[in-house]
Amino acid sequence: MLQKASDTPPKAENVLVLVRHGQSEWNRLNMFTGWKDVGLSEEGMAEAHGAGARLKEEGLHFDSAFASTLKRAHNTLDIILEELGQDKLPIIKAAALNERDYGQLVGINKEEARKRFGAEQVHIWQRSYDIAPPGGESLKDTAARVCPFYDRWIVPELQEGKNVIVVAHGNSLRSLIMELDKLTPEEVKDYSLATAVPVIYRINADGSVAEKRDLAA
Ligand SMILES: O=C(O)[C@@H](CO)OP(=O)(O)O
């Protein structure tokens, strides 16, 4: 069940902020990316600065920062932390947070893929829960590495009352948000994340969600 969005900024403790990286060069070219380590586009860098400014407006300060090992994510986080005046905060980079592997689709233009395989089939590969693209990972496979990492390394930080920021990818974050928001496989098919728009949670001591504010909303 999605948490009611509260209209007051979350209290400054045990806040979890999830951010998809800014637009990448292959997002701009509309190409399946997965684990390909492409950089941010100029627009993506500007989006990252905007996300940092937005989080500064929220009065947020972070105690821990996590990103995937892909540069579009940790470069986005570098920019956000710079905007917050927290550029000295160490970034923990983890492959467990990397984007879902798109297998044989990597490098193919998405419009081209829809023509070649059909729009319905491509949408299933992009957004379904347990159907993997050829040679790649399903969302379920991605969750199997993202969620254990979150439980082991991020939940303890939140339970100590720390504020944590995680910058990762459209699908690796969808797999975590599916868990946090208790989305069904049907509901998660309709859920996607815009680039560099923070989602702000306040997490209870037992790891459940107290509040959720999607700044895209
Ligand atoms: O290509 C990818 O790796 C992802 C994210 O950019 O694409 P999609 O949003 O289609 O899952």
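**Ligand contacts and chain features**

Guide: In this predicted model, an oxygen atom of the ligand is 2.8 Å from a polar backbone atom of Thr-33.

Visitor: Which N or O atom is 2.9 Å from an oxygen atom of the ligand?
Guide: That atom belongs to the side chain of Lys-110. Arg-127 also places a polar side-chain atom 3.0 Å from a ligand oxygen atom.

Visitor: How much of the ligand's accessible area does the protein cover?
Guide: On its own the ligand has 300 Å² of accessible area, and the protein covers 95% of that.

Visitor: Which residues are around the ligand?
Guide: They are Arg-20, Asn-27, Met-31, Phe-32, Thr-33, Gly-34, Glu-99, Tyr-102, Lys-110, Gln-126, Arg-127 and Asn-171.

Visitor: How does that shell divide by residue type?
Guide: The shell around the ligand has three nonpolar, five polar and four charged residues.

Visitor: Let us turn to helix 4. What happens at its start?
Guide: Helix 4 covers residues 110–117, and at its start a side-chain oxygen of Asn-109 comes within 2.7 Å of the backbone nitrogen of Glu-111. Lys-110, whose side chain has the N or O atom 2.9 Å from a ligand oxygen, belongs to this helix.

Visitor: What about the residue just after helix 4?
Guide: That residue is Gly-118, with a positive phi of about 95°.

Visitor: Changing topic, how many aromatic pairs are there?
Guide: The count is three aromatic pairs. One of them joins Phe-66 and Phe-149 edge-to-face, with 5.9 Å from centre to centre and 80° between the planes.

Visitor: Where in the chain do those two residues sit?
Guide: Phe-66 is in strand 2 (residues 64–67) and Phe-149 is in helix 6 (residues 139–159). The pair thus links distant parts of the chain, 83 residues apart.

Notes. Residues numbered from 1 in each chain as written. Predicted model: local features only at pLDDT ≥ 70, side-chain atom pairs only at ≥ 80, totals over all residues. Heavy atoms only, no water. Near = heavy atom within 4 Å. Polar contact = N/O pair within 3.5 Å; in protein donor to acceptor, adjacent residues only side chain to side chain. Areas by Shrake-Rupley, 256 points an atom, 1.4 Å probe, with all protein chains shown as cover. Nonpolar A, V, L, I, M, F, W, Y, C, P; charged D, E, K, R; others polar. Phe/Tyr/Trp six-rings, centres within 6.5 Å; stacked < 30°, edge-to-face > 60°. Helix = DSSP H or I, 4+ residues; strand = E, 2+ residues; numbered from the N terminus.
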